[in-house]
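Hi,

Here's the structure I said I'd pass on. Have a look, and my notes follow below.

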Amino acid sequence: MEQTEAWEKMMDTVRDPHPALRERRDAGEKVVGYFCSYVPVELIHAAGAVPVRMLQGPAPGDVAGAYMQPFCCSFARSLLEGLGNGTYDYLSAVVMPHTCDTIRNLSDLVETAAPGLRVMRLMVPTTVHTPEAVDFMVEELAALRPDLEGVTGNEAGGADLRESIRLYNRCRSALDGLREAGPGNRRLYAAYLALQLTGPEEFLDMMGRVEAGGTEAGTRRVAVIGGPVPQLEVFDLLEEYGMRVVWDDLCTASRFAAGMVAEDGEPLRALAERYLGRCPCPTKLDPANRREQELIAGIGESGAEGVVFAQQAFCEFHSFDYPGLKERLDAEGIPSVRLDLEHPFQPTGQMRTRLQALSEILGEGM
Amino acid sequence: MSEGNGKADKERRKIKSADAMRDMMVKYYTEAKGAEGTDRHIAWITSGAPVEPLIAFNVIPVYPENHGAMCGASHMNVELCEVAEGRGFSRDLCSYARGDIGSAITKGGPIGGLPRPTFLVVCNNICNTVFKWYEELARFFDVPLFIYDTPFVRGDLQQHIADYSLRQMEEYVAFLEKITGKPYDEPHFTDVAAKSLFASALWKDVLACNKHKPAPMTCFDAFIMMAPIVTLRGTQEVVDFYQGLLDEMKQRIKEGIGILPSEKYRLLWDNIPVWYEMRNLGKLFMELETCLVADTYTSAWTFEGVDAEKPLESMSRIYTEVYLNINLERMADKIESLATRYSVDGMIMHSNRSCKPYSLGQYDLAKEFTRRTGKPALIIEADHTDSRWYDRAQVETRIRDFVENLLGETVPA
């Protein structure tokens, strides 16, 4: 297959994953949606279902408007819209974790907006750094497992779960390798998203067909931090201003792929330890200020010269973290700009002005 | 009615215990502010967090949310919010949090800010916003922060959630032992918990007096009268205060004294008050002969089920199952129950920009309320302490229309 064709196939998967997932449903596979990077995909996969992250929903419309106030983030509103209007009609079930207050309440609204869809909850603790939080997460995973098994009729324990853990670890390694090779913003972030929008086998197959290097663009090295950024257009926009993303802390990219699950030991505990042990998302407690430390370390190691905050408009958790992180960056002499993202993504004049300013500042240092 | 009679009637309808409450709260804030810089520990704590351990360890609890309500009611919160916004905090964040951060920086507000904490206690049973807010405070004041993580409860409380909650209650006590240098005294804690429970039971009885027609108070009065149960439950003076308030309410019922000159309609209120607008809304409802007889907010501090044999375990269960930590189905049950018990004609829901866990789901709850009770519901848009998000003319028009037209059609004369 031609290189560009292989990449295009991956881009198509990311842009519109729904037709392929409908085909898989029609072929008898079970597709299970999940709402955030704290849901262990390995458990869904081990039960024999295709784990698919809830991304790429439609523009919020009548369904979202009937259930959610406009001051809720458009990411959540878009997902509810999609669940209510049939965009995700291939799903057998969704796993909804407790992350932010919006997603928590959304899990109740989904039951009304998408009647018939099986909604499973995963009560991810807010405290993630204590032994009792890990114990609690293990209990939650143990409670989730039979629910997933009920969807597929397959057991999700023992050898199957270990195999799923190994498979996803391979996927994470492949993403690490791709980042090292520097394929450019669009291809790198398409690969991260592709893993979340299809099964691990299909992902590894796609990764085997694409060539990693060669299209690195942009000379201004930046780090991007925020929540879910499923639109490749965001990365295109950065490239338009000469920016190459050399490090990120996004839950649809590095935070999703960070850290391996231990392949020995008790699998549920290994999952709990990996998922809670990552650098915490802003919805989690961070008493040691680990997120800020890792940001500064990541910038240092990657050679990023500037930072782009790419966060969902109305996201309270990222908004709380923003002033402290910005202050720290200012103190370190690292310029930054903030983009408030709405779904669907439209580059606004304000975003362009801010990126232009950052681009000019970074250009001066060259 | 002559002017003289009007004044006399107003005086007769006035709740006399309000003065005692004001005195108690002045004494409380005076003592708290006076303790700043002394050896006495001061803890800032969220409204839904277990305060009983603090009382048992002789720590002064201070409530930024209660202070936020004061700042809102005195129309001072917007300027405090603007201070936080100037530091980069988004206008979309909770206005209690923004105002509190602003007040911590400037010592602004009606009482010149809160006394500096020696440590902080946050419990996310009311929302997850509070732990972000308290993390900011911990950084700002550079003091220890204890976090009580309460998993969300859907349906019945599951055993592993109860176990997790209990482990943290035990850690909370250990944290207090370490910070105060005093050992945990279970008999004393049980006594505090019993007082808390007793005050809570009295508060529940006070609220229940509003089942009577005419109602002896509105929920706007309850919003004010709840300050002691939020801030000082577990102390004898709070027990005494609510006993006095209950006696007064019973006497009012006996004498047929309603809080409004005329009560034509009875409504249920959902969500935190619009603190800066209480006076105007109160006048409007009085003019419309409409009494807000019950609400989902003040009853959050009516606890049940403290087991003297297992005080920590039972308290940890109570704090995990508060109103904002349960799913919509259970909320709908509670709203239906309130509507039935208080014989309401409809419901007003405050869609509160500052409180997503309270507000997200209201569109569904409103429909469910009408489906279950046959009564109408109105949703108004506001923010609990940021008046910049409030359109008075629009809200008043909608309330007027709701009462005059919708209730006028559905409630028999």
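Predicted model: local features only at pLDDT ≥ 70, side-chain atom pairs only at ≥ 80, totals over all residues.

**The sheet in chain B**

In chain B, 4 strands make an open sheet, ordered β2-β1-β3-β4, with parallel pairing. Strands here are DSSP runs of E, at least two residues long, helices are runs of H or I of at least four, and both are numbered from the N terminus; two strands pair if DSSP finds at least two bridges between them. β2 (60-62) and β4 of chain B sit at the edges with a single partner strand each, so one side of each has no neighbour in the sheet. From one strand to the next, the twist averages 25°.

β1 (residues 42-45) of chain B pairs with β2(B) in the parallel sense over 3 bridges, and B:Ala43 stands opposite B:Pro61 in β2(B). α7(B) packs on the sheet, touching β1, β3 (119-123) and β4 of chain B, and its direction makes about 170° with that of β3(B). (Axes are lines fitted to C-alpha atoms, for helices over the stretch in contact; angles run from 0 to 180 degrees between N-to-C directions.)

**Where the chains meet**

35 residues of chain B are in contact with 36 residues of chain A, contact being C-beta atoms, placed from the backbone, within 7 Å. On the chain B side, α7(B) gives the most, with 6 residues.

Residues are numbered from 1 along each chain as its sequence is written, with chains lettered from A and ligands numbered from 1 in the order written.

Cheers

Key
Contact = placed C-beta atoms within 7 Å.
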